[in-house]
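Subject: Structure for you to look at

Hello,

Here is the structure I promised to pass on. Please open it first, then read my notes below.

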Amino acid sequence: QLTDVLELVVELRSVFRQSVRSKGLYLEIECCEDLPLLELDSLRLRQILFNLLGNAIKFTEHGGVSVAMSFQRTGDKVGQLSISVTDTGLGIEPAAQEKIFAPFVQQDAVRDSRVFKGTGLGLAISRRLADCMHGQLSLQSVPGQGSTFTLLLQEVPVSEQVRGSNVVQEDTASQDFPIKVLLVDDVTMNLKVLLAMLRKFSVSVVTAESGAEALKKIEQDIPAMVFTDIWMPGMSGCELLSQIQARPEWREVKVVAVTADTNVAGNPAMDGFDAILLKPVTLEKIRSILTQLSPADTVSPAVGQGG
């Protein structure tokens, strides 16, 4: 998948912003100026970074967390991507540094059981996901000073496509859309990322983790739009669409399919959706759909948009 790594990290910073602020920490992003768009598995990368950031913030009480990204070309169309997550937290004893990646090892047993609790599954999953991407996830840590987890991906294909200048900035000036949107996805992380992005457009957001829960939420308060994942257990996004369309009182609800499948455009099962939001999701893609589907009287003029 075509992936803007910087944008992905900025999205995750939005997800964790409240946690960071509540603890009085900083969360910094360092990136080389020439980081290109890359062809890689953005869903796996997002899950790895989500786990690493979550752990870093959890085990840091003073100081903060830094994410550093660098890319070095190793050929005409490939290169090496390095992403490091560094915290100023408790650190990890040398004898425990390999154990921390083992499934079901208590992180609190490795770090400090008097203060923290956790299952340790996040790091085990992250290393497995890195292996699936033919990469490496390593750790350097000094007890009492902090830890650095580094993801290294070799031979990553470089895209010829140029990054849009208005996509990667965290606080992109935007239009306001004072509408209600329901997000539906069985993966909590996906909900958090999309929720953070929609809130940049002053959208009122409600979430549901299944089609059945989504129908209950619509019963309680009919939204202007529903953004739904396609592949969900129990009730797929297409089945949810059919349920919504079957109710005359919900006929004004716009339903948007959210998917990473680039072949959906030719699939007849997708014809009933009002729009398709292809992953990787960007602010510009969301802006386009909101502009297209929002009632005309709810769209505010763009703010701070140059010609």
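Start with phenylalanine 149. Its relative accessible area is 4%, so phenylalanine 149 is buried. Keep in mind that this is a predicted model.

What does phenylalanine 149 pair with? A search of the whole structure turns up three aromatic pairs. In one of them, the rings of phenylalanine 149 and phenylalanine 101 have centres 6.0 Å apart. Their planes meet at 80°, so this pair is edge-to-face. Phenylalanine 149 sits in strand S7, while phenylalanine 101 is in the loop between strand S5 and helix H3. The pair therefore ties together parts that are 48 residues apart in sequence. Phenylalanine 101 has 6% relative accessibility, so it counts as buried too.

Now look at phenylalanine 177 and phenylalanine 201. They also form an edge-to-face aromatic pair, 6.1 Å centre to centre with 65° between the planes. Phenylalanine 177 is in the loop between S7 and strand S8, and phenylalanine 201 is in the loop between helix H5 and strand S9. They are 24 residues apart. Phenylalanine 177 is buried, at 0% relative accessible area. Phenylalanine 201 is buried, at 1% relative accessibility.

Two arginines lie over rings. Arginine 127 is over the face of phenylalanine 101, 3.8 Å from the ring centre. Arginine 247 is over the face of tryptophan 250, 4.0 Å from the ring centre.

Last, helix H2. This helix covers residues 42-58. Of its 17 residues, 12 are buried, including Leu45, Ile48 and Phe50. At its start, a side-chain oxygen of aspartate 41 comes within 3.2 Å of the backbone nitrogen of leucine 43.

Best wishes

Note on methods
Residues are numbered from 1 along each chain as its sequence is written. This is a predicted model: local features need pLDDT of at least 70, side-chain atom pairs count only at pLDDT 80 or more; totals for chains, interfaces and linings use all residues. Side-chain values use heavy atoms; hydrogens and water are left out. Helices (H or I, at least four residues) and strands (E, at least two) are DSSP runs, numbered from the N terminus. The expected span of a helix is 1.5 Å times one less than its number of residues. Buried means under 20% relative accessible area, exposed over 50%, partly exposed in between (1.4 Å probe, protein chains only). A polar contact is a pair of N or O atoms within 3.5 Å; within protein, one must be able to donate a hydrogen and the other to accept it, and residues adjacent in sequence count only if both atoms are side-chain atoms. Rings of Phe, Tyr and Trp (its six-membered ring) pair if their centres lie within 6.5 Å; planes under 30 degrees apart count as stacked, over 60 as edge-to-face and the rest as tilted. A charge sits over a ring if NZ of Lys or CZ of Arg is within 6 Å of the ring centre and within 35 degrees of the ring normal.
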